[in-house]
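These are my notebook entries on one chain, kept in the order in which I looked things up.

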Amino acid sequence: MEPGAGGRGSGCGAKLVAACVIGGIVLGSSVLALRLSGPVAIPSLPPVEALRRRFSRRRRRPVRVYMDGCFDMMHYGHCNALRQARALGDELIVGVVSDDEIIANKGPPVTPLHDRMIMVRAVKWVDDIIPDAPYAITEDFMNKLFNEYNIDYIIHGDDPCLLPDGTDAYALAKKAGRYKQIKRTEGVSTTDIVGRMLLCVRERSASDSYNHSSLQRQFSHGHGQKIDDSGSGSGTRISHFLPTSRRIVQFSNSRGPGPDSRIVYIDGAFDLFHAGHVEILRLARELGDFLLVGIHTDQTISSTRGQHRPIMNLHERSLSVLACRYVDEVIIGAPWDVSKDMITTFNISLVVHGTIAENMDFMKDDLNPYAVPMAMGIYRRLESPLDITTSTIIRRIVANHEAYQKRNEKKEASEKKYYDSKSFVNGE
């Protein structure tokens, strides 16, 4: 062994012995102190429920946003506004303005509150609704939104919403710093749609020698009468809708049917998408796992229902149907006949049709479009919950022609001002 090695080993051993002795003394003293002082309570771990509550409080509260509107004759522009609003928060609460408030601020509504609530509730981006909402955001109602409904932000489009006295309906929300703006959907409004029907009335009353092309063809190509410079309401702003693939993707569901899904198919025009459409789609969806909706072409509808139909063109009608929470997928430009090849291609298990429709004479026709599914035993008629058709809506406009004409003249002037002075707004 080298010199000095034994000295280092002896030193380490002595230190170890000393550490053990000191540790024993400390431990013994601690035990003696515990005995002299009596039992000591050891704190228990918090219960699982307490931990869960504490964790829940630490999690971020969902951001709740509010958007209101008349949603009269609801269309894809309304739906796109609700989609944009929902994207600004986690939960979207929608206020549906009462009939009396609409009459006081805009004129007679085309669609009653009950039907408008069905329409709004069916939009897939809506989490809850508030019926009979006021037209203007008053201080009392704003406090109710913030305190009772836990609303974080109030949403509206970039187009102005003015009260009869010319003041901004959302002034208080803006002042409170709880207002957010979305981009208005170009090319459509309730005023546009009512104007199309009023144009239809004017064309029908015109002399037979005055040759008019199909309204459907005008709408599809963006032609038709325009608003003159004075905003006198001599015409209406016909469809300026420019369909894009991105908009269709935004409205579409990202999922398809599973391998064993029961696929239900229903087709139709779905023109002026209304509460009757929503309710029959709801019933159809309950019969399976996946609802496929066929939207007929403009040409098909014109040939079966007259040259003044449809009021809305194919892409407008498709977006309205896609926004419905009961619909999984649509066929844009579906054939009139439901063929064996089509049933096989889409793996359709059941074909349905409502009892309320514009024309039920097809059942007596030799060219019955549902002959194949009937022969296969996969056709079913559904009792329509509401007695509403597109013609019902048009008759309401015709019956109150003068009232709606006055309403449109006022709205057309304000919309012309918006279009003339608008600037780009970032949004979807």
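What volume does the second largest pocket have? I read about 570 Å³ for the second largest pocket, where grid points are joined across faces, edges and corners and the volume is the space filled by probe spheres set on the points. A pocket here is an open set of points on a 1 Å grid over the protein atoms alone where a 1.4 Å probe fits, with protein on both sides within 12 Å along at least five of seven lines, and lining residues have an atom within 4 Å of a point.

Before going further I noted the terms of the model. It is predicted, so that local features need pLDDT of at least 70 and side-chain atom pairs count only at pLDDT 80 or more, while totals for chains, interfaces and linings use all residues. Residues are numbered from 1 along each chain as its sequence is written, and side-chain values use heavy atoms, with hydrogens and water left out.

**Pocket lining.** I found 33 residues lining the second largest pocket, and Gly268, Arg305, His353, Ala357 and Glu358 are those nearest its centre. Strand 6 (263–268), helix 11 (275–285), helix 12 (298–305) and strand 9 (348–354) each give two or more residues to this lining; helices (H or I, at least four residues) and strands (E, at least two) are DSSP runs, numbered from the N terminus.

**Whole chain.** I counted 17 helices and ten strands, and 46% of the 428 residues are buried, which is to say under 20% relative accessible area with a 1.4 Å probe on protein chains only, against over 50% for exposed and in between for partly exposed.

I traced an open sheet of five strands with parallel pairing, in the order 8-7-6-9-10, two strands being paired if DSSP finds at least two bridges between them. Strand 8 (329–334) and strand 10 (379–382) are at the edges with a single partner strand each, so one side of each has no neighbour in the sheet. The twist from one strand to the next averages 30 degrees. Strand 9 and strand 10 are joined by four bridges in the parallel sense, and Val351 stands opposite Tyr379 of strand 10.

**Helix 13.** I next followed helix 13, which lies across strand 7 (290–296) and strand 8 and runs at about 160 degrees to strand 7; axes are lines fitted to C-alpha atoms, for helices over the stretch in contact, and angles run from 0 to 180 degrees between N-to-C directions. Helix 13 (residues 314–322) is largely enclosed by the rest of the structure, because eight of its nine residues are buried, among them Glu316 and Arg317. At its start, a side-chain oxygen of Asn313 comes within 3.2 Å of the backbone nitrogen of His315.

I found five strands in an open sheet with parallel pairing, in the order 3-2-1-4-5, and the edge strands, strand 3 (128–133) and strand 5 (179–182), pair on one side only. Four bridges join strand 4 (residues 153–157) to strand 5, with Lys180 as the bridge partner of Ile155.

**His156.** Is His156, at 12% relative accessibility, buried or exposed? I record His156, in strand 4, as buried, because its relative accessibility is 12%. Leaving out residues up to four places away in sequence, His156 touches Met67, Cys161, Tyr170, Tyr179, Lys180, Gln181 and Ile182, contact meaning heavy atoms within 4.5 Å.

Conventions:
Polar contact = N/O pair within 3.5 Å; in protein donor to acceptor, adjacent residues only side chain to side chain.
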